[in-house]
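Dear colleague,

I am handing over the structure that we spoke about, and I would be glad if you could look through it before reading my notes below.

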Amino acid sequence: MKALDLKPCPFCGGKASVFRVVLEDGTPRYEVDCENIDCEISACTSLHPTRQEAADVWNKRWEPDRLEATA
Ligand SMILES: [Zn+2]
């Protein structure tokens, strides 16, 4: 598995990691969470079908100019 390029937590600057969550029906989902247990926000993404997707959502927090219009 190749390493994902994750930016640090936008709230505390802590390290972020991808976590695997298995749903009740056995479907794997992935989210990126801040690893700092003292982080007040406990930043995390919602659940995504792939590690890459979760990482992309996380990293986009740093690039508001690239947010897509939802018209
Ligand atoms: Zn944090």
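**What was found**

Of the 71 residues of the protein, 14% count as buried, where buried means that 20 or more other C-beta atoms, placed from the backbone, lie within 10 Å of the residue's own. Please keep in mind that this is a predicted model, in which local features need pLDDT of at least 70 and side-chain atom pairs count only at pLDDT 80 or more, while totals for chains, interfaces and linings use all residues. Residues are numbered from 1 along each chain as its sequence is written.

The protein has one helix and two strands, arranged along the sequence as β-β-α; these are DSSP runs numbered from the N terminus, with helices (H or I) of at least four residues and strands (E) of at least two.

The largest nonpolar core has eight residues, namely C9, A16, V18, V32, C34, A54, A55 and W58; such a core is a set of buried Ala, Val, Leu, Ile, Met, Phe, Trp, Tyr and Cys residues joined through C-beta atoms within 7 Å. Two or more of its residues come from each of β1 (16-22), β2 (28-34) and α1 (51-60), and α1 gives the most, with three.

Within α1, the buried residues are R51, A54, A55 and W58. They lie on the same side of α1, because they cover an arc of only 100 degrees around the axis, the arc being that of the directions from the helix axis to the C-beta atoms. The buried residues of α1 pack against β1 and β2, with contact taken as C-beta atoms, placed from the backbone, within 7 Å.

With best wishes

Definitions and conventions:
A residue is buried if 20 or more other C-beta atoms lie within 10 Å of its own, exposed if 12 or fewer, and partly exposed in between; C-beta atoms are placed from the backbone. Two residues are in contact if their C-beta atoms, placed from the backbone, lie within 7 Å.
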